[in-house]
Amino acid sequence: MKSTDELLDALNNSNNIDQYIAENADSIISDSIPQLLGQLLEEKGLKKSEVIKSSEISGSYGYQIFSGEKKEPARDKILAVLIAMKLDLDEIQKFLKAAGYPPLYPKNKRDSIIIFCINEKASVMNVNRRLYDMNEQTL
C-alpha cells in the first residue's frame, strides 16, 4: 500500500486517470461510510446498538448512518460515533479522511478541545460537557 505522498507523486506524474486508478487500486480508499463503520465494529468487537447509545445521538439517526440511509451525515455526528467506539486520535483522523471529512485541526479551538478529550479517552457526554463549558458547540 502506497503512502499519501507516493500517491500524490504518482498522480502528479500521470497523464491518464484510468491508468493511475488501475495501478493504485490497492491504495485508494473507495469504501462508503457504512462499510468503514462496519469494518470498525468488527475489528473492535463492538455492537452497533451500544455504539449508537454511547454516541448521544438519536437512535434513528445513528441507524441511518450505519445503514447508509443518511447519505452525508454531519461531521459532528460521525465524530460522536467514532468517540463512542473509543477510537484513538490516529484512528479517528484516518476515518475522517477516508470518509471525506476534514480531520480534526489543532489550530481550531473547538477541534483542540475534542482532540484533548479523545486523548483523555473521554465519553461523548464528557466531550460535550467540556465543549459546553468552554462556550463551544457540542457534538
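Colleague: Is glutamate 91 buried, exposed or partly exposed?
Modeller: Glutamate 91 is partly exposed, because its relative accessible area is 25%, and the class in between runs from buried, under 20%, to exposed, over 50% (1.4 Å probe, protein chains only). This is a predicted model, where local features need pLDDT of at least 70, side-chain atom pairs count only at pLDDT 80 or more, and totals for chains, interfaces and linings use all residues. Residues are numbered from 1 along each chain as its sequence is written, and side-chain values use heavy atoms, with hydrogens and water left out.

Colleague: Thanks! Which residue forms a salt bridge with glutamate 91?
Modeller: Lysine 44, with the closest N and O atoms 2.6 Å apart. A salt bridge here is a side-chain nitrogen of Lys or Arg within 4 Å of a carboxyl oxygen of Asp or Glu.

Colleague: And how many salt bridges does that rule give?
Modeller: The count comes to 6. Another of them joins aspartate 111 and arginine 75, at 3.3 Å between the closest N and O atoms. That pair links distant parts of the chain, 36 residues apart, with aspartate 111 in helix α8 and arginine 75 in helix α6 (residues 75-84). Helices are DSSP runs (H or I, at least four residues), numbered from the N terminus.

Colleague: Are those two buried or exposed?
Modeller: Aspartate 111 is buried at 6% relative accessible area, and arginine 75 is buried at 19%.

Colleague: New topic: where is lysine 107?
Modeller: Lysine 107 sits in the loop between α7 (89-98) and α8 (109-119). Lysine 107 is exposed, at 72% relative accessible area.

How values were computed
Helix = DSSP H or I, 4+ residues; strand = E, 2+ residues; numbered from the N terminus.
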